[in-house]
Amino acid sequence: MIELYHATMSTCAQKVRMVLAEKQLDWQGHVLDLRSSDQHQPDYLQLNPNGVVPTLVDDGQVVIESTVICEYLDDAYPEPSLKPEAALERARMRQWTKRLDEIIHFYTGVLSGSIAFRHQHLARPADELENYINNIPDPKRRARQREQIEHGMESPQFADAVGVFESFLTDLEKRLSATNWMAGESFSLAEIGYTPYLIRLDELQLWQWMDKRPHVTDLYERIKARTSFKAAYLDWRNDAFCALMAEKGPDAWPKIQEVLAR
Ligand SMILES: N[C@@H](CCC(=O)N[C@@H](CS)C(=O)NCC(=O)O)C(=O)O
């Protein structure tokens with residue numbers, strides 16, 4: 001039996017749900033409430049010592065790290081394959097997912113947190129917020145989270161995030177003007193990996209960033225047309241979170257333009 005510990009709006013969980021849907025696998029879910037610190041509870045830390053979602057348990061065997069989970073599912077349940085046939089295209093796919101893990105995921109958290117989610121935290125009683133921050137296991141993540149909550153779009157992380165996304169979107173547009181999909185000629189774990197991050201720009205009302213990037217918009221439309229998009233994302237949308245992003249997002253665009261003009 002496949003079990004997935006996940007959260008409704010988690011970008012990393014969306015990737016795994018999309019793979020499960022593409023492969024039409026049955027799974028049982030355990031939903032964690034990240035704002036209530038379910039991910040920091042001792043039982044969960046036994047499964048995932050990093051205190052994050054997702055965690056996959058397949059026939060009792062634990063696999064963590066969303067990109068690794070997606071690759072594991074593709075190896076363990078090979079049909080339909082979500083990796084290109086050609087070695088070079090597989091390498092391209094992994095270059096994209098490596099960039100996602102090392103850079104884009106973190107800076108997406110900075111954008112979402114600085115623009116929208118900090119307001120959820122700021123609305124909490126001070127001692128509850130302090131407790132939440134102090135429970136974050138990794139000291140670096142703890143410090144960055146505190147800075148985002150306290151300073152939002154004025155924090156240096158925010159300007160860095162804008163620069164990171166600008167170069168990522170430029171590279172993606174260039175790539176898609178040469179090949180049909182990110183890794184080459186087939187839909188792969190590269191698109192699945194990035195789907196939640198394109199969704200997040202959309203949720204934050206930042207699609208203006210794509211004004212001169214028609215290939216990225218076209219990619220997003222093709223992804224949204226897949227059946228797996230519903231199972232990965234639409235079925236799990238949290239309306240309150242989406243409403244908050246829709247409310248706060250428009251204030252961010254002028255700030256982003258200001259950073260881009262520097
Ligand atoms: N590298 C990890 C990152 C996982 C991660 O950051 N998950 C977020 C949700 S997308 C999380 O659980 N955040 C909770 C927290 O930071 O306390 C992976 O890809 O699985």
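View 1. Residues are numbered from 1 along each chain as its sequence is written. Since the model is predicted, local features need pLDDT of at least 70 and side-chain atom pairs count only at pLDDT 80 or more, while totals for chains, interfaces and linings use all residues; side-chain values use heavy atoms, with hydrogens and water left out.

**View 2. What gets covered up.** Here 26 residues of domain 1 are in contact (heavy atoms within 4.5 Å) with 38 residues of domain 2. Together the domains bury about 2,600 Å², and carbon and sulfur atoms give 63% of that. Buried area is the accessible area (1.4 Å probe) that two parts lose on being put together, summed over both. Met9, Met18 and Arg35 supply 31% of the area that domain 1 buries against domain 2, more than any other three residues.

View 3. Glu22 forms a salt bridge with Arg226, and their closest N and O atoms are 2.8 Å apart.

**View 4. Helices on the domain 1 side.** Helix H1 (11-22) and helix H3 (66-76) are the elements giving two or more residues to the side that touches domain 2; helices are DSSP runs (H or I, at least four residues), numbered from the N terminus. H1 gives the most, with 9 residues.

How values were computed
A salt bridge is a side-chain nitrogen of Lys or Arg within 4 Å of a carboxyl oxygen of Asp or Glu.
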